[in-house]
Amino acid sequence: MAEKKEPSFEENLTKLEEIVKKLESGDTPLDDAIKEFNEAMTLAKVCDEKLKKAEESLTKIVGEDGSLEEFEQA
């Protein structure tokens, strides 16, 4: 059985944008809107976590000895 691959940041963001458009249209029944809202909140949290991880990795630089150091902006 093939493992289910985790959606990319871009895929999650696209799905989140689709849900927002759907909810903003005002044509979604309340029960469906609540389900969509909950899914959107989950996607937003996943996207936020991925962005934080990316930011953490981008704020570190490799020292001459190969060690990771925090990058300090001037």
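Trainee: In which helix does I19 lie?
Mentor: The model is a predicted one. Within the protein chain there are 2 helices and 2 strands. Residues 9-25 form the helix that holds I19, namely helix α1.

Trainee: Is I19 buried or exposed?
Mentor: The relative accessible area of I19 is 1%. Buried means under 20%. I19 therefore counts as buried.

Trainee: Which residues are in contact with I19, leaving aside its neighbours within four places in sequence?
Mentor: One of the partners is E36, a residue placed in helix α2, which spans residues 30-58.

Trainee: How far apart in space are I19 and E39, C-alpha to C-alpha?
Mentor: In sequence, 20 residues separate I19 and E39.

Trainee: Does E36 count as buried or exposed?
Mentor: E36 has a relative accessibility of 14%. The cut-off for buried is under 20%. E36 therefore counts as buried.

Trainee: Which residues does E36 contact, leaving aside its neighbours within four places in sequence?
Mentor: I19 of helix α1 is among them. The complete list for E36 is I19, K22 and L23.

Trainee: What pattern does the protein chain follow along the sequence?
Mentor: The chain has 74 residues, and 14% of them count as buried. Its accessible surface is about 6600 Å², with 55% belonging to carbon and sulfur atoms. Read along the sequence, the pattern is α-α-β-β.

Note on methods:
Residues are numbered from 1 along each chain as its sequence is written. This is a predicted model: local features need pLDDT of at least 70, side-chain atom pairs count only at pLDDT 80 or more; totals for chains, interfaces and linings use all residues. Side-chain values use heavy atoms; hydrogens and water are left out. Helices (H or I, at least four residues) and strands (E, at least two) are DSSP runs, numbered from the N terminus. Buried means under 20% relative accessible area, exposed over 50%, partly exposed in between (1.4 Å probe, protein chains only). Accessible areas come from the Shrake-Rupley method with a 1.4 Å probe; for residues, only the protein chains shown count as cover. Contact means heavy atoms within 4.5 Å.
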